[in-house]
Amino acid sequence: MHFICPKCRGKLNILDTRCVCADGHSYDKARGGYYNLLLGSGGGVHGDNREMILARRAFLSGGFYEPLAKLLAKQVLEHTGACGAVLDAGAGEGYYTDVIERALVARDGKSDFSAFDISKDAVREICKKNPRISAVVAGSYHMPVPDGEFDTLINTFSPLALEETARVLKAGGIFIMAIPGENHLYELKSVIYDTPYKNVLADTSLSGFELLLDEPLTYKMQLENAEAVKNLFMMTPYAYRTNAEGRARVEALEGLECTADFRIFVYRRI
């Protein structure tokens, strides 16, 4: 287990259904198969809620983002040595996590794969989907991970905590990041908003990292029924930012041709 105590940063030892550090801080294993290492998580919902997770699971199971998952797996395989330690930071419900881990197992016969997300519902899905992955509830800005622990870190559409990313990677370690391209879901935004907008891409240089690859991935998706459109809408932040008129326009759709547009970056920690 690569994770450490979030309170004292000590090593965690697994004892039956809980993990404990030398200072006595103890974390019970949830029925979903994970440990909650998120500080201050006593109440409320953190991260994506259950409805958003289920919508994402349903949409992704349709294969709409499979080209992205395969490209991420390709880059991880190319830049990670045999049985290298890999971390998916902000893994969501584990769709990409699962595809990448299975690709590593197919190559190496096993994997050393860890993941976390701030949402308990999301991490529960990861554990259900692939029990080989060591998954915990945690946040990107306070990763319960020792310094220099991982060979490769993956970030797919999650907040970028650059200092923490650099800290937990080994010297020369690889950081792989996927972000939306400027035209991502533009047709959906054209339905939602009176004045749709393109995504603004920030500077791709990262302090302390060398950029090895900047690869675009763009294709059209055919959402052939209202359910697929609804799942796409509900899994995005637009579901909570859209007024009643915009939501009604989305709900009236029986299908949609929509652009998937991504940028995949590969960096090496200097």
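Start by selecting Cys-8 and Cys-21: the sulfur of Cys-8 has its closest cysteine sulfur in Cys-21, 3.6 Å away, which is too far for a bond. A disulfide is a covalent bond between the sulfur atoms of two cysteines. The rule used here asks for a pair of cysteine sulfur atoms within 2.5 Å, and by that rule the count comes to zero disulfides. Cys-8 counts as partly exposed because its relative accessibility is 28%; buried means under 20% relative accessible area, exposed over 50%, and partly exposed in between, with a 1.4 Å probe and protein chains only.

Before you click on, know that this is a predicted model, where local features need pLDDT of at least 70 and side-chain atom pairs count only at pLDDT 80 or more, while totals for chains, interfaces and linings use all residues. Residues are numbered from 1 along each chain as its sequence is written, and side-chain values use heavy atoms, with hydrogens and water left out.

Now pick Cys-127. This one is in no disulfide either: its nearest cysteine sulfur belongs to Cys-19 and sits 13 Å away. Cys-127 counts as buried, with 13% relative accessibility.

Next, colour residues 13-15, 18-20 and 26-28, which are β1, β2 and β3. Strands here are DSSP runs (E, at least two residues), helices are runs of H or I with at least four, and both are numbered from the N terminus. Together, these strands make an open sheet in the order β1-β2-β3, with antiparallel pairing. Two strands pair if DSSP finds at least two bridges between them.

Which strands stand at the edges? They are β1 and β3, each with a single partner strand, so one side of each is left without a neighbour in the sheet. Neighbouring strands of this sheet are turned by 25° against each other on average, direction ignored; the axes are lines fitted to C-alpha atoms (for helices, over the stretch in contact), and angles run from 0 to 180 degrees between N-to-C directions.

Zoom in on β1 and β2, which pair over three antiparallel bridges. To see one of the bridge partners, select Leu-15 and look across to Arg-18 in β2.

**The eight-stranded sheet**

Move on to the other open sheet, with eight strands and mixed pairing, in the order β4-β7-β6-β5-β8-β9-β11-β10. Its edge strands are β4 (35-36) and β10 (209-223), and each pairs on one side only. Now find β5 and β6, which run parallel and are joined by five bridges. Select Val-86 and you can follow its bridge to Phe-113 in β6.

**Two residues with positive phi**

Click on Cys-83, in the loop between α2 (66-79) and β5 (85-89). Its phi is positive, about 60°, although Cys-83 is not a glycine. At 31% relative accessibility, Cys-83 is partly exposed.

Then try Phe-157, in the loop between β8 (150-156) and α5 (162-168). Phi of Phe-157 is also positive, near 65°, and this residue is not a glycine. Phe-157 is partly exposed, at 34% relative accessibility.

**The largest pocket**

A pocket is an open set of points on a 1 Å grid over the protein atoms alone, with protein on both sides within 12 Å along at least five of seven lines, and lining residues have an atom within 4 Å of a point.

How much space lies in the largest pocket? About 1000 Å³, where a volume is the space filled by probe spheres set on the points. α1 (50-60) and β6 (112-117) each give two or more residues to its lining, and α1 gives the largest share, three residues. By class, the lining has 18 nonpolar, eleven polar and six charged residues. Ala, Val, Leu, Ile, Met, Phe, Trp, Tyr, Cys and Pro count as nonpolar, Asp, Glu, Lys and Arg as charged, and the others, Gly among them, as polar.

**The second largest pocket**

For your last stop, select Leu-160, Met-177, Ile-179, Pro-180 and Ala-202, which lie nearest the centre of the second largest pocket among its 18 lining residues. This pocket has a volume of about 320 Å³. β9 (169-180) supplies the largest share of the lining, four residues.

Note on methods:
On a 1 Å grid over the protein atoms alone, a cavity is a set of points where a 1.4 Å probe fits but cannot get out, and a pocket is an open set with protein on both sides within 12 Å along at least five of seven lines; lining residues have an atom within 4 Å of a point.
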